[in-house]
Amino acid sequence: MHGLFGSKQNNHSISKALARDLNRPVYTLDLRNHGESPHTPQHNYEAMAEDVEHFLQQNKLGPKTVLLGHSMGAKTAMAIALRNPALISSIIAVDNAPIEAALHSSFGGYVCAMRQIEDARLTKTKEADAILAQVESDIGIRQFLLRNLVRDGDHLRFRIPIRTLARELDNMAAFAYHPDKVRFEKRALFVRGTQSPYIPDEAIPTIGRFFPLFRLKDIDAGHWVISEKPNEFKEAVVEFLNEEQ
């Protein structure tokens, strides 16, 4: 499961590699308000967890299912594990923790720039990139965000509901569970980008309270661990899942 402003397309290459190396099916999902999934005014982890639980049940995916998510997708996986542990066997949470923590200020900047792009009714992607460049110098991140652009008649628009996501940003920082009330007593792998702030050292005891069988894997990367270090990430996942067999 992808992160905020992402889609299942982001995980196409790593999913194919994992399916090959693990010899098991891998499903990639567009979470609500992203990719090809429906738009809805509600965007929080409870709602996304319900969506994914429905997908698992509708497709008759049994209790050996492993949930893997990055960032927003990681917290969605954690929510499902704590809400409905019988549905799955383990989780792999990439660069997020079960804590309430403010999103990096860059996300607010992205939203403002993306709203500006839509309001300007631009016709060329390079014009949109110039606006994003005012808030993000990394061309890779800008290209990631611009993958959401689609043509609508004679101008460009974002296929994700920017105003809904802007309004719901605070929900992406939240985590509505308490370890005194719910725990996931199965295996969990937390993959941390050591250059990222989203799994601080002080969050590790909290991870252990929610997920007492967790393992932490550090990778020398920023928040975009999977795209920055795909081989190291794949090796960590394969090693973790092969231990279950």
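S7 is buried, because its relative accessibility is 4%; buried means under 20% relative accessible area, exposed over 50%, partly exposed in between, with a 1.4 Å probe and protein chains only. This is a predicted model, where local features need pLDDT of at least 70, side-chain atom pairs count only at pLDDT 80 or more, and totals for chains, interfaces and linings use all residues. Residues are numbered from 1 along each chain as its sequence is written, and side-chain values use heavy atoms, leaving out hydrogens and water.

Back to S7. It sits in the segment before helix 1 (12-22). Helices here are DSSP runs of H or I, at least four residues, numbered from the N terminus. Beyond its neighbours within four places in sequence, S7 contacts H2, D30, G35 and R159. Contact means heavy atoms within 4.5 Å.

Next, V135. Look in the loop between helix 5 (125-132) and helix 6 (139-146). V135 has 40% relative accessibility, so it counts as partly exposed. Setting aside residues up to four places away in sequence, V135 touches G109, Y110 and A113. S106 is 29 residues from V135 in sequence, yet 7.4 Å away in space, C-alpha to C-alpha.

Now a helix pair. Helix 2 (residues 45-58) packs on helix 3 (residues 72-83) at about 75°, axes 9 Å apart. Axes are lines fitted to C-alpha atoms over the stretch in contact, and angles run from 0 to 180 degrees between N-to-C directions. So helix 2 is roughly perpendicular to helix 3, a label covering 65 to 115 degrees. Helix 2 brings residues including Y45, M48 and V52; helix 3 brings, among them, M72, K75 and I80.

Notes: Helices (H or I, at least four residues) and strands (E, at least two) are DSSP runs, numbered from the N terminus. Angles under 35 degrees count as roughly parallel, over 145 as roughly antiparallel, 65 to 115 as roughly perpendicular and the rest as oblique.
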